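Let's take a walk through this one together. Have the sequence and the model open side by side, and follow along.

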Amino acid sequence: MANTPETVDSILKPFQLTLEDYKKIKQVIYNDLEKGLRKETNATGNLRMNPTHVRDIPDGTEKGKFLALDLGGSNFRILCFTLEPGQPVQKISKSYKLRKELLSGTGDELFGYIADSLIAFLEENGIAGERLPLGFTFSYPCEHTTLKKAILQYWTKDFNVSGVAGKDVSELLCQALKKRGNCNLDLLAIINDTTGVLVSCAYEHHDCKIGLIVGTGCNCCYMEKLENVELWNGDMDEPRQVMIDIEWGALGDDGTLDAWRTPIDFQTDSHTINSGHQKYEKMITGNYIGETVRLIMVKLAENNLLFGGKVTEQLNTEWAFETKHISEIESETNGNYDVCKKVMKQYGLEASVEDCKTVLKVCEVAMTRAAWLCATGISAVAAKVGEDQVTVGVDGSIYINHPKFHDHMTSAIKVLSDVKVKFVLSEDGSGRGGALVAAIASKLVA
């Protein structure tokens, strides 16, 4: 019996999960959250559920000048914030590009470059002689033993820097600064970017209990009651709560999400430097979804369903299709598909109107699934928070730049969660959040 010919719909169907599918995934995620909080099951679970040692949110009385260092991708930022109660936050900042060799070099090289950049920033802005509190937003999985001591567990994204895993990241930065004769900075806090997002959002929205990043990577944190955190090694004083860095990109690494992963998801994963890890993240984020869309287009073309069956060398190149093109294609509203045609021309293809309609559908299906998967995770976390209403602070390039991601998440959360959830863009979470945590910490040590 001959195989049934593939169609556009048959190739896309595995990406179009049902409401029942998402409800089952929610339960898988909720179970993993519970498993990660317990001492006896944390080590064997997917989720690290790291206590951050951030116990509270800003109360509006924070005052002074605070530095923030934000490292979470191929760029890092240095920022200086001036806080005054009742006044707009003042900020100066600068972004720095990390050379590719630094991403796979040594820890000494990476932190040496960061220290050099930090010293230059202080000199450029005339604040080199001031003793300033510093909050370091370090967006990789860490075990926190105090607010300012964080042991890197493993690298994610494109980082594979030697000599850092298993070491205290704050100590590595301080050593690099001392080698260069700079000891004027007080490193008071090291946090994850999702923690920064939550804190920054809570500066204006005091019911914010969840932080979410959806960009090149994806992660979530939330405020948990201390009595539920068996890994907690600090005091039990008020406030009896702590922010938990879930590190939820690793959901499904034990195979529990494989029933909902498509053959193309497995293929995308096989093209990464950490194949078999961060499976949930790879179905959602900017680092990977462009590759997934490219692989779908190649499969369609190979089945003579797109571009007249033509697969150019450019389109056939791994990681060639940038995620930003998905947002560009889905943002076009004039019906002429000029943007889509221009994008595909970069890959040596003359796309017809019918081709563009198919490419648009591919982008929509991939991003709709990404948003629904993300909202599914939030619905599980909101259930853990245990309140009738909760605000989620969100940041990240996918959430900000994709024209429909917020709307897709809002639609999904309404049918997946019994909690009333509101998504709010968190202003410069990974930067301002780091400074705000340093501000909170500085009041405690004053």
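**Starting at the sheet**

Asn-50 stands opposite Asp-245 in strand E11. Keep in mind that you're looking at a predicted model. The Asn-50 pairing belongs to a spot where 2 bridges join E1 to E11 (residues 241–245), with the two strands running antiparallel. Zoom out and you'll find an open sheet of 6 strands, ordered E1-E11-E10-E9-E12-E13, with mixed pairing. E1 (50–51) and E13 (420–425) sit at the edges with a single partner strand each, so one side of each has no neighbour in the sheet. As a reminder, strands of a sheet pair through backbone hydrogen bonds, either parallel or antiparallel.

Now look at what lies across those strands. Helix H14 (residues 405–416) lies across E9 and E13, at about 165° to E13.

Stay with H12 for a moment, and find Cys-356 in it. Is Cys-356 buried or exposed? It's buried, with a relative accessible area of 0%. Leaving aside residues up to four places away in sequence, Cys-356 touches Tyr-337, Cys-340, Lys-341 and Ala-351.

Next, the rings: the structure holds 12 aromatic pairs. In one of them, the rings of Tyr-22 and Trp-372 have centres 5.2 Å apart and planes at 40°, so the pair counts as tilted. This pair links distant parts of the chain, 350 residues apart, with Tyr-22 in helix H2 (residues 19–37) and Trp-372 in H12. Both Tyr-22 and Trp-372 are buried. Phe-76 and Tyr-96, by contrast, have ring centres 5.1 Å apart and planes at 15°, so that pair is stacked. Phe-76 is in strand E3 (residues 75–83) and Tyr-96 in strand E4 (residues 90–97), so the pair ties together parts 20 residues apart in sequence. Elsewhere, ring pairs link Phe-136, Phe-138, Tyr-140, Trp-155 and Phe-159 into a cluster.

Last stop: the charged end of Arg-261 sits over the ring of Phe-266, 4.0 Å from its centre.

Methods. Residues are numbered from 1 along each chain as its sequence is written. This is a predicted model: local features need pLDDT of at least 70, side-chain atom pairs count only at pLDDT 80 or more; totals for chains, interfaces and linings use all residues. Side-chain values use heavy atoms; hydrogens and water are left out. Helices (H or I, at least four residues) and strands (E, at least two) are DSSP runs, numbered from the N terminus. Buried means under 20% relative accessible area, exposed over 50%, partly exposed in between (1.4 Å probe, protein chains only). Contact means heavy atoms within 4.5 Å. Two strands pair if DSSP finds at least two bridges between them. Axes are lines fitted to C-alpha atoms, for helices over the stretch in contact, and angles run from 0 to 180 degrees between N-to-C directions. Rings of Phe, Tyr and Trp (its six-membered ring) pair if their centres lie within 6.5 Å; planes under 30 degrees apart count as stacked, over 60 as edge-to-face and the rest as tilted. A charge sits over a ring if NZ of Lys or CZ of Arg is within 6 Å of the ring centre and within 35 degrees of the ring normal.
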